[in-house]
Amino acid sequence: MSYPLTRDQHLELYYYMKLNRMLDEQLVRLFRQNKVVGGLYSNLGQEATSVGTAYALEKRDWIAPMIRNVGGLLVKGYKPADILMQYMARYDSPTKGKDGTSHFGDLKGRHVVSPISMLGDLVPVMTGVAIAGRYLGQNIVAMTWVGDGATSTGAFHEGLNFAATQHAPLVLVVENNQWAYSTPVAKQVPIHDLADRAKAYGIASSIVDGNDVVAVYQATKEAVDRCRAGKGPVLIESKTMRMKGHAQHDPAEYVPKKMFEYWEARDPIARYEKYLTQNNLWDEKTKSEFAARIEKELEAALDVAEKSPFPPPELAEQGVYCDGCHTIEAEWKRSKKEVTPPQSSVKPEWEVTDFGGFDLASTMTKQSAAAGANGGNGAKSSRTIAAAQKSAGKSNGRPEKPKVPARVPFGRGPKGKEGRK
Amino acid sequence: MAPVTMLEAIRQAIFEEMERDPAVVAIGEDIGVYGGAFKVTAGLLERFGWERVIDTPISETAIIGAAVGMSYQGLRPIAELQFIDFIACCFNQITNFVAKSHYRWGAPVPMVMRGPSGGGVHGGPFHSANPEMYFVHTPGLKVIYPSTAYDAKGLLKSAIRDNNPVLFLEHKFLYRRIKEELPEDDYTVPIGKAIVRREGRDLTIVTYAAMMHSSLEAAETLAREGVDVEVIDLRTLLPLDKETILQSVKKTNKLLIVHEDTRTGGIAGEIAAVACEGAFEDLDGPVLRVTAKDSPVPFSPPLEERFLPNVNDILSAARELAAY
């Protein structure tokens, strides 16, 4: 499916990516001037994924970012000054200096859930946001990003499995940026495509060139529409590259030089500039206007950030509890009468009615054949959800029938009382 | 009104709160069709439907994580952990996501995590734990551990209406063993307030949950021996009602702390410190502790009986302290 973009939308995508890039560069300068408190996690090279995915959402939709999704936060309405003040630990930052980096959010206005440093944990949380949204009649989509490293965590799998069983409107973007700190993908997971994780949960998936902002947008829009239509969660694997170390202190000497060169030639912003020129969507004048405008914006943002004081020390012990400071109410989009489901509606539409009973022999034969076909699974630059689903042999978002793996013989274990426990 | 068990009191609290507020939802393993491993959630699915009574995979991290997400939407999830021992599986979600949420970025988490706790039923090392202190040491949570049916219902209602994350521990030994007549009208019990279960002059016992009943029993025996014991039921462990403890210590001048949790790092140590800091000059004797042994909860009856504190343990500690 294709989702055409207007010229204005193209230029807006460019604006957010370029803003993301220049803000990143500004933060690096501030880090070198010792104005950043703690670590600095660069987004360099991943702007297309952050911006392209978030751009496919609507205002009512929810996101939960990672450290390298500043682009998504900008699309969701945060200002560069917010990000600067977070990194500079100032009082006027979104967390008033209680937390740093991208660890901030906004429940009511922008629908952003603040991340935590334990990666993968956002998957079950956003599943909850999605389920609640359905109950509240909001027709929202919840989206979160995880890296290749987070796909090894239990929370990732528990969250995805639960989302799948609930048919939750969750878009899970796996940013395969090749490195989890210093660990390459090959040492992180024993599979080539992280999108394959989706098969185990019977959900739709796609693989996208994460440095092509239009492709990222298209894949996400398709996933979002699918979720909104009630077809369950979607996993998008975005193949991209982290162009710096884990944080500023890490020179990333473990990354082969050739790998940097390969990805540098695929820089998302340079690529998009070329695309805009080739498609006559702008001219040199517009291009330089963007750079000048963003530079000015960032100068103003820095001014705001530097004028903000550090938080008063007594703030340290305040706000542990929220007693008396909030009225927490669900935002119902339907009448109260509809909210309490009638007694008969105890079964969801996707309640399992298939009680198993599959042909063991033929399943095993198919499994062996599939294993052979998948042996030389080469790189794919992009594939759509439909194609991915076709390969998974299903189309309605329902879990496929279980397949029995070829039996792996156990070694002869100890016998009697010492036997397998 | 006929007397009801603590289990029924808890069930009533959930049912009534779901009736009262459509934002209250229940989530957990086997809580729907089956009605929960202990039947606390029996009848909820039929009344409130699958959107509000959510059966989950066996996936504690998913249960707590999803409840957090739901609370961000303004819902008030009650997350059941089938046995409280399994809370270890979602320790990260609770200590890092739930407890720190409001402090870090101002996002309240109005959710309740509840589950059957405690020993005495020969459940073994994975079905008998008292995990309160992992969470009492976690700023941002509230930890409740009631000892009566009345309190269980009233405190659970308060917990559900609270804008903060609350860990609500239910002693499974008490589930069906104690019965109480409950008011017909809606009522709540305030979080963070201890209660004096028995007034006395000579010695204070601070306790909670199942040990509250053992302590009261010991106090009756001691009364016949001429020792007038005051028994304080904490009800809420976090925040701790220091005021009530100190007031009592200042009156009786002697403090014994009794809990079923293991000794090292148990809340008795914290309460002893509170007494030393706030009433040192009023103390006429050492602060003593009666607790479980420092081991996992054993399975076999003679082992578990040895492990758990009992009325005799309380009596001998109280006699020793009274004679000091």
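1. B:Val196 stands opposite B:Ile232, a residue of E11(B). The two strands concerned, E9(B) and E11 (residues 229-233) of chain B, are antiparallel and share three bridges. Strands here are DSSP runs (E, at least two residues), as helices are (H or I, at least four residues), both numbered from the N terminus; two strands count as paired if DSSP finds at least two bridges between them.

2. The model is predicted: local features need pLDDT of at least 70 and side-chain atom pairs pLDDT 80 or more, while totals for chains, interfaces and linings use all residues. Residues are numbered from 1 along each chain as its sequence is written, chains are lettered from A in the order in which they are written, and side-chain values use heavy atoms, without hydrogens and water.

3. In chain B, five strands make up an open sheet of mixed pairing, in the order E9-E11-E10-E13-E14. Its edge strands are E9 (195-198) and E14 (288-292) of chain B, each pairing on one side only. From one strand to the next the twist averages 25 degrees; axes are lines fitted to C-alpha atoms, for helices over the stretch in contact, and angles run from 0 to 180 degrees between N-to-C directions.

4. Two helices lie across this sheet. H9(B) lies across E9, E10 (203-207), E11 and E13 (255-262) of chain B, at about 175 degrees to E11(B). H10 (residues 267-279) of chain B lies across E10, E13 and E14 of chain B, at about 155 degrees to E13(B). Contact means heavy atoms within 4.5 Å.

5. The peptide bond from B:Leu238 to B:Pro239 is cis, with omega near -5 degrees; B:Pro239 lies in the loop between E12 (236-238) and H9 (242-252) of chain B. A:His167, in the loop between H6 and E3 of chain A, has phi near 55 degrees, a positive value in a residue other than glycine.

6. Chain A also has an open sheet of five strands, with parallel pairing and the order E1-E2-E3-E7-E6. Because E1 (62-64) and E6 (204-209) of chain A each have a single partner strand, one side of each is left without a neighbour in the sheet. The twist averages 20 degrees from one strand to the next.

7. E6(A) runs parallel to E7 (residues 234-239) of chain A, and six bridges join them. A:Ser205 has A:Leu235 of E7(A) as its bridge partner. H5(A) lies across E1, E2 (142-147) and E3 (170-176) of chain A, at about 175 degrees to E2(A).

8. What area do chain A and chain B bury between them? It is about 4,500 Å², 62% of it on carbon and sulfur atoms, where buried area is the accessible area (1.4 Å probe) that two parts lose on being put together, summed over both. Chain A contributes 62 residues to the contact and chain B 51 residues.

9. Two salt bridges are counted between chain A and chain B, a salt bridge being a side-chain nitrogen of Lys or Arg within 4 Å of a carboxyl oxygen of Asp or Glu. One of them links A:Asp323 to B:Lys142, with the closest N and O atoms 3.2 Å apart. On the side of chain A that touches chain B, the elements giving two or more residues are H5 (122-135), H6 (154-166) and H13 (336-339) of chain A. H5(A) gives the most, with ten residues.
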